[in-house]
Amino acid sequence: MMGVLDGKRILVAGVTMDTSIGFAVAKIAQEQGATVLISNFGRALGITRRIAGRLPAEAPVLELDVTDPEHLERLPELVREHVDGLDGVVHSIAYGNPETMLGGKFLGAPWADVAQAVQVSAFSLASLTQACQPLMTSGGSVVGLTFDATVAWPAYDWMGVAKAGLESCSRYLARDLGPHGIRVNLVSAGPLKTLAAKAIPGFEDIEAGWATKAPLGWDNVDLEPTAKAVVALLSDFFPATTGEIVHVDGGYHAMGA
Ligand code: NAP
């Protein structure tokens, strides 16, 4: 059977559980013919190694903390132990201290925590892409995940600011890497009940009414629509698309009320 990612080598960064969006992306990418490597950082690496066995084909697990310059520097070497280059990179990474960055305490947030949220959730799209650039010698596709940063949400707070940074970052990367044949796009997903979402105090206030306002409805435990869009952007079916944000939210963003 032909798959849309036949022959492609893909790194999915940010897989912890089988509820991670990255896990769903890795699964569908494999089903579509890709060779997939996954990564996660430090403390959850053991979980990721176990979870990797639940994929259709067990994927190699690389250690990558996007805030560690040494990890970024050695990444090409770790990747080359398994594949001779990359055709696609998925950035499925975000972090903000749930005590200070999320949950309605926007005013008074300490800069150190804001800096961490922006480094892990926005700047890392640039640092991960740069680390992988030497592996994408014949071009490639970089795909990240955002939550609509054009408006203010309940509880999302400084993570929303970090996502606005991520969205802008993807456009500048698209500008600078287009001449190298590298496309950079984001998928803007609706609320999904992943580990990261459960850590947001007040997540229910964000998702309240989503399923009824979205013309297509919305299932907050179904990762497949989001993962399929990521896979489509990794494929050769969006050859002239970069700096784009594709909404996978049931159509919520397009409705006024
Ligand atoms: P997730 O399973 O918790 O994935 C987030 C990943 O980021 C985890 O694997 C986490 O590792 C990793 N991470 C955190 N800090 C890192 C660091 N310094 N270096 C490397 N990796 C790090 O949650 P998810 O919902 O699938 O999130 C994936 C992406 O989708 C995020 O960008 C998120 O903002 C975005 N998104 C989510 C939703 C939603 O409603 N869930 C909606 C729109 C967009 P640990 O688990 O070990 O901390």
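**Cavity, ligand and pocket**

Me: Which residues line the largest cavity?
Reply: This is a predicted model. The lining includes Phe147, Asp148, Trp153, Ser188, Ala189 and Gly190.

Me: How many cavities of 30 Å³ or more does a search of the whole structure find, and what space lies in the largest cavity?
Reply: The search of the whole structure finds 1 cavity of 30 Å³ or more. The space in the largest cavity is about 50 Å³.

Me: Where is the ligand, in terms of pockets?
Reply: Start with the surroundings: 31 residues surround the ligand. The closest are Thr16, Ser20, Lys163, Leu192 and Thr194. The space that the ligand takes is the largest pocket.

Me: Which side chain has an N or O atom 2.5 Å from an oxygen atom of the ligand?
Reply: Take the polar side-chain atoms in turn. Asp65 has one 2.9 Å from a nitrogen atom of the ligand. Lys163 has one 2.8 Å from a ligand oxygen atom. The 2.5 Å distance to a ligand oxygen atom belongs to Thr194.

Me: How much of the ligand's exposed area does the protein bury?
Reply: Taken alone, the ligand exposes 880 Å². Of that area, the protein buries 93%.

Me: Which element supplies the largest share of the shell around the ligand?
Reply: Strand 5 (140-146) and helix 6 (195-198) each supply at least two residues of the shell. The largest share is 3 residues, and these come from helix 6.

Me: How does the shell around the ligand divide by class?
Reply: Lys163 is one of the closest residues to the ligand. Charged residues number 3 in the shell. The rest of the division is 9 polar and 19 nonpolar.

Me: What is the volume of the largest pocket?
Reply: The largest pocket is the space taken by the ligand. Its volume is about 1200 Å³.

Me: Which residues that line the largest pocket are closest to its centre?
Reply: The lining of the largest pocket has 43 residues. They divide into 26 nonpolar, 14 polar and 3 charged. Closest to the centre are Ser92, Ile93, Ala94, Tyr95 and Ala196.

Me: Which element gives the most to the lining of the largest pocket?
Reply: Elements giving two or more residues include helix 1 (21-31), strand 2 (35-40) and helix 4 (111-132). Helix 5 (157-177) and helix 7 (203-207) are also among them. The most, 3 residues, comes from helix 6.

Key:
Residues numbered from 1 in each chain as written. Predicted model: local features only at pLDDT ≥ 70, side-chain atom pairs only at ≥ 80, totals over all residues. Heavy atoms only, no water. Near = heavy atom within 4 Å. Polar contact = N/O pair within 3.5 Å; in protein donor to acceptor, adjacent residues only side chain to side chain. Areas by Shrake-Rupley, 256 points an atom, 1.4 Å probe, with all protein chains shown as cover. 1 Å grid on protein atoms, 1.4 Å probe; cavity = no way out; pocket = protein on both sides within 12 Å on 5 of 7 lines; lining within 4 Å. Sits in = over half its atoms within 2 Å of the grid points. Helix = DSSP H or I, 4+ residues; strand = E, 2+ residues; numbered from the N terminus. Nonpolar A, V, L, I, M, F, W, Y, C, P; charged D, E, K, R; others polar. Points joined across faces, edges and corners; volume = space filled by probe spheres on them.
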